[in-house]
Amino acid sequence: MFERFTDRARAVVRSAVEQAQRDGRRPVGTEHLLLAVLADTDALASRVLTSAGVDADDLRARIRRHVGAGGIGLGEADAAALREIGIDLAAIVARIEDNFGPDALREAVPAPRRRWPLRRPVGGPFSPRSRKALELALREALRLRHRHIGTEHLLLGVLREGGGLGAVVLTEAGVDLDDLRRRIELALRTAA
């Protein structure tokens with residue numbers, strides 16, 4: 001499949017892998033693919049995201065809230081729902097950290113075990129959702145009758161997968177995923 005990727009799309013995937021490694025060697029998620037697409041400012045997908053009002057710093061902050069907020073993993077909508085029924089999530093987290101120390105809610109990282117022979121993860125460095133997004137990028141390219149997979153197809157794959165953190169933070173940022181899909185397809189037709 002990667003042989004169909006354009007040089008720019010390959011660079012975006014490499015950038016996503018590097019981003020995931022910088023984030024603590026988590027598997028590459030759809031959020032890493034999204035941020036890598038957005039970072040390539042000359043790419044069609046990045047231009048479409050920017051024209052839709054997507055801001056990389058805002059997305060990074062939203063992603064951090066999901067994965068770095070002590071492992072809680074609640075989004076703004078969940079926190080707002082809890083506030084409506086009288087539960088102050090920030091106060092609860094503060095009390096837990098007072099009683100058990102900072103980072104008490106952060107997921108414990110097990111000590112690395114040495115095994116022989118060393119085995120690579122079955123799916124490589126990609127999470128199941130990001131693998132699905134890459135597969136859907138191929139399907140989007142085939143659907144559009146393109147012989148290559150570009151950054152725009154990667155973005156379409158992330159959008160079509162829909163359940164990954166990349167799509168979640170876009171939705172939280174107020175982006176209509178169907179409208180974004182239409183914008184990408186229009187930009188592809190205009191560029192052709």
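Contacts (heavy atoms within 4.5 Å) between residues 24 or more positions apart make up 63% of the contacts in the protein with a separation of 6 or more. The model is predicted, so local features need pLDDT of at least 70 and side-chain atom pairs count only at pLDDT 80 or more, while totals for chains, interfaces and linings use all residues. Residues are numbered from 1 along each chain as its sequence is written, and side-chain values use heavy atoms, with hydrogens and water left out.

The protein has 10 helices and zero strands, where helices (H or I, at least four residues) and strands (E, at least two) are DSSP runs numbered from the N terminus. Of its 192 residues, 38% are buried; buried means under 20% relative accessible area, exposed over 50%, and partly exposed in between (1.4 Å probe, protein chains only).

Helix H2 (residues 30–39) is largely enclosed by the rest of the structure, because nine of its 10 residues are buried. Among these are His32, Leu33 and Leu34.

| Residue | Relative accessibility | Class |
|---|---|---|
| Ser127 | 13% | buried |
| Ile87 | 31% | partly exposed |

Ser127 lies in the loop between helix H6 (89–100) and helix H7 (128–143). Beyond its neighbours within four places in sequence, Ser127 contacts Pro27, Val28 and Gly29. Ile87 is placed in the loop between helix H5 (76–84) and H6.

The accessible surface of the protein comes to about 11,800 Å², with 52% of that belonging to carbon and sulfur atoms; accessible areas come from the Shrake-Rupley method with a 1.4 Å probe, and for residues only the protein chains shown count as cover.
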